[in-house]
Amino acid sequence: METTHDPLERTELTFLLGMAFQLVLTEFVSRLDGAGYDDLRPMHGLVFQALRGAGATSSELAETLGVTKQAAGQIVDDLEKRGYVERRPHPAGGRRKLVVLTARAQEHLAVAGRTLHGLEAELAARLQKSGLRLPRAELAALVRVMAGDSPPPLRPLW
């Protein structure tokens, strides 16, 4: 085993991944707050990703997020009040409602995407100065080794 002078390199992998995630997410959220989206939290981003495209029912959203139907319903109620989602009649009919993103949510996703890409570019430039790069390939390989061809959805388990 190679010895290192950086004690962080001897830290458990789960802690390193968690710290990296926490630091990047905190910076990302701070930048989104500064862009006028201080009413949203990271959980809302997961909801928006799950609803992208055709939308979903509250039950489908609950399953995707790994939360109860009641919790998904509360999130949808809150986001609907703030103008980020709306309920529409389900194309298959019946009592079910389809939850879809509004233009306001689509705008947020565009701003969030630009913000995240900017943050990643800054991190890549800072790492490059030290002769390093973002470990995207390594992290992707780690996910593939553990999950195969079916990576799990990112769920708020923390």
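User: Is His108 buried or exposed?
Analyst: Happy to start there. This is a predicted model, where local features need pLDDT of at least 70, side-chain atom pairs count only at pLDDT 80 or more, and totals for chains, interfaces and linings use all residues. Residues are numbered from 1 along each chain as its sequence is written, and side-chain values use heavy atoms, leaving out hydrogens and water. Buried means under 20% relative accessible area, exposed over 50% and partly exposed in between (1.4 Å probe, protein chains only); His108 has 5%, so His108 is buried.

User: Which residues is His108 in contact with, leaving aside neighbours within four places in sequence?
Analyst: Contact means heavy atoms within 4.5 Å. With those neighbours left aside, the contacts of His108 are Leu32, Tyr37, Leu40 and Phe48.

User: At roughly what angle do the axes of helix H2 and helix H4 cross?
Analyst: Good one! Helices (H or I, at least four residues) are DSSP runs, numbered from the N terminus. Axes are lines fitted to C-alpha atoms, for helices over the stretch in contact, with angles from 0 to 180 degrees between N-to-C directions. The axes of H2 (residues 42-51) and H4 (residues 69-81) come within 12 Å and cross at roughly 95 degrees.

User: Which residues in H4 do Met43, His44, Val47 and Phe48 in H2 meet?
Analyst: Let's look at both sides. Met43, His44, Val47 and Phe48 are in H2, and their partners in H4 are Ile75, Asp78 and Leu79.

User: How far apart in space are Gln106 and Arg52?
Analyst: Gln106 lies in helix H5 (residues 103-128). Gln106 and Arg52 are 54 residues apart in sequence, and their C-alpha to C-alpha distance is 8.7 Å.

Terms used. Helix = DSSP H or I, 4+ residues; strand = E, 2+ residues; numbered from the N terminus.
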